[in-house]
Amino acid sequence: MSDPVIVRPARPDEYALVGELTVEVYVAGGLVSPESSYVAALRDAADRAAKSDLLVAEVAGEVAGAVAYCPPGSPYAELAGPDEAEFRMLAVREKARGEGVGRAMVRACTDRARAAGLTAVRLSTQRNMDDAHRLYERMGFVRTPDRDWEPVPGLKLITYALAV
């Protein structure tokens, strides 16, 4: 039996680790170019913690993943409406994949939205994030092509939503 996944708020002493973990997942995973200006945003976990709810997934005492839960009013919420939440920059370490880490963090976000009385949780994802798409669809998220967008020219993001 594998160790349980504990999702909790990130501590300030973990912000640097969370930033590096997020960069590692996105850059080493081939999702973002190492030269992209987005790398600085991925690395800045302290800013995410100040402007959203920065959550980590812990397995056997080690941080295995992180996500930014963005309630209404968070500057990190890019497509959520006033009664919706959003999550961003979901990252799971390579060695922790397939262990329920991503699912636990997404569930923590949907649980927070439900507890706050919100109507939905939204997210943007790159077209090449196939594993993430499968996870979202298995959890009941549906594609919302009318919300697909380009944060910068040439980077087309697709969107999903889940009614909570």
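**Buried charges and a hairpin**

Guide: Arg8 and Glu14 are both buried, a term that means under 20% relative accessible area, whereas exposed means over 50% and partly exposed lies in between (1.4 Å probe, protein chains only). This is a predicted model, in which local features need pLDDT of at least 70, side-chain atom pairs count only at pLDDT 80 or more, and totals for chains, interfaces and linings use all residues. Residues are numbered from 1 along each chain as its sequence is written, and side-chain values use heavy atoms, with hydrogens and water left out.

Visitor: How many salt bridges does a search of the whole structure find?

Guide: A salt bridge is a side-chain nitrogen of Lys or Arg within 4 Å of a carboxyl oxygen of Asp or Glu. The search of the whole structure gives 15 salt bridges. One of them joins Arg8 to Glu14, with the closest N and O atoms 2.6 Å apart. Arg8 also forms a salt bridge with Glu58, where the closest N and O atoms are 2.8 Å apart. This pair links distant parts of the chain, 50 residues apart: Arg8 is in strand 1 (residues 5-9) and Glu58 in strand 2. Helices (H or I, at least four residues) and strands (E, at least two) are DSSP runs, numbered from the N terminus.

Visitor: Which residues are linked with Arg8 in a network of salt bridges?

Guide: The network of salt bridges links Arg8, Arg11, Asp13, Glu14 and Glu58.

Visitor: Is Glu58 buried or exposed?

Guide: Glu58 is buried, its relative accessible area being 18%; the value for Arg8, also buried, is 16%. Glu58 lies in strand 2, which spans residues 53-59. Contact means heavy atoms within 4.5 Å. Neighbours within four places in sequence aside, Glu58 is in contact with Pro4, Val5, Ile6, Arg8 and Val63.

Visitor: Which residue forms a salt bridge with Glu20?

Guide: The partner of Glu20 is Arg43, and their closest N and O atoms are 2.8 Å apart. Glu20 lies in helix 1 (residues 15-28) and Arg43 in helix 2 (residues 38-43), so the pair ties together parts 23 residues apart in sequence. Glu20 is partly exposed, with a relative accessible area of 40%.

Visitor: How many bridges join strand 7 to strand 8?

Guide: Two strands pair if DSSP finds at least two bridges between them. Strand 7 (residues 149-152) and strand 8 (residues 155-163) run antiparallel and are joined by 2 bridges. Val152 stands opposite Leu155 in strand 8. The two strands form a hairpin with 2 residues between them, and Gly154 in the turn has a positive phi of about 90°.
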